[in-house]
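Please examine the sequence and the structure shown here before reading on. The paragraphs that follow move from the strands to the core and then to the charged side chains.

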Amino acid sequence: MSNGDLKLTISLWVGPEREEALKKANMLEIPELQEAFAGLKRLSVPITYDQAQKLKEVYPSAKIDTSSTQTVELLPRECLDKIFAMVIEKKNVNVIQDLLKSLGK
């Protein structure tokens, strides 16, 4: 398997405000939303390695962890908020391609 085939995720922490938005979008029961700890939930947004590389071009501080957590971390809040808004708008977690398109990638 090449790195381009790797399936990664971006974790979005879901507090009361985001949970209410997910509830209004009828998305509280999707498998990508999991209980994390202390009442907080985590929404996992899928992203491929190639998409993560393109996102890192826009946000150089991002970290792609392929060795342990299989996640993309250290994205700025504005990016995470945009991803969450797109999830709610589309009522689907598969939004990264549209995000990259909106970023000119």
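In the hairpin of β2 and β3, which residue takes a positive phi? It is Ala38, with a phi near 50°, and the hairpin has two residues between its strands. The model discussed here is predicted, so to speak of local features a pLDDT of at least 70 is needed, side-chain atom pairs count only at pLDDT 80 or more, and totals for chains, interfaces and linings use all residues. Residues are numbered from 1 along each chain as its sequence is written, and side-chain values use heavy atoms, with hydrogens and water left out.

Helices (H or I, at least four residues) and strands (E, at least two) are DSSP runs, numbered from the N terminus. Two strands are said to pair if DSSP finds at least two bridges between them. Strand β2, residues 33-37, pairs with β3 in the antiparallel sense over four bridges; Glu35 has Lys41 in β3 as its bridge partner. Strands β1 and β3 also run antiparallel, joined by eight bridges, and here Ser11 is the bridge partner of Ser44 in β3. In a regular strand the side chains alternate between the two faces of the sheet.

The next topic is the interior. A nonpolar core is a set of buried Ala, Val, Leu, Ile, Met, Phe, Trp, Tyr and Cys residues joined through side-chain atoms within 4.5 Å. Buried means under 20% relative accessible area, exposed over 50%, and partly exposed in between (1.4 Å probe, protein chains only). The largest nonpolar core has 31 residues, of which Ile10, Leu43, Leu55 and Ile83 touch the most other members. Two or more residues are given to this core by each of β1 (7-14), β3 (40-48), α2 (49-58), α3 (77-90) and α4 (96-102). The largest share, five residues, comes from α3.

Contact means heavy atoms within 4.5 Å. Not counting residues up to four places away in sequence, Leu55 touches Ile10, Ile47, Leu75, Cys79, Leu99, Leu100 and Leu103. Val87 is found in helix α3 and is buried, with a relative accessible area of 0%. Leaving aside neighbours within four places in sequence, the contacts of Val87 are Met27, Leu43, Val45, Asn92, Val93 and Val95. Val87 and Leu22 are 65 residues apart in sequence, and their C-alpha atoms are 8.9 Å apart in space.

The charged side chains come next. A salt bridge is a side-chain nitrogen of Lys or Arg within 4 Å of a carboxyl oxygen of Asp or Glu. A search of the whole structure finds five salt bridges. One of them joins the side chains of Arg18 and Asp81, at 2.8 Å from N to O. This pair links distant parts of the chain, with Arg18 in helix α1 and Asp81 in helix α3, 63 residues apart. Arg18 counts as buried because its relative accessibility is 16%, whereas Asp81 is partly exposed at 31%.

Asp81 also meets Arg77 in a salt bridge of 3.3 Å, N to O. These two residues are four apart in helix α3, so about one helical turn separates them. Arg77 is exposed, with a relative accessible area of 61%. Salt bridges that share partners join Arg18, Arg77 and Asp81 into one network.

Lys41 forms a further salt bridge with Glu19, the closest N and O atoms being 3.4 Å apart. Lys41 lies in strand β3 and Glu19 in helix α1, so the pair ties together parts that are 22 residues apart in sequence.
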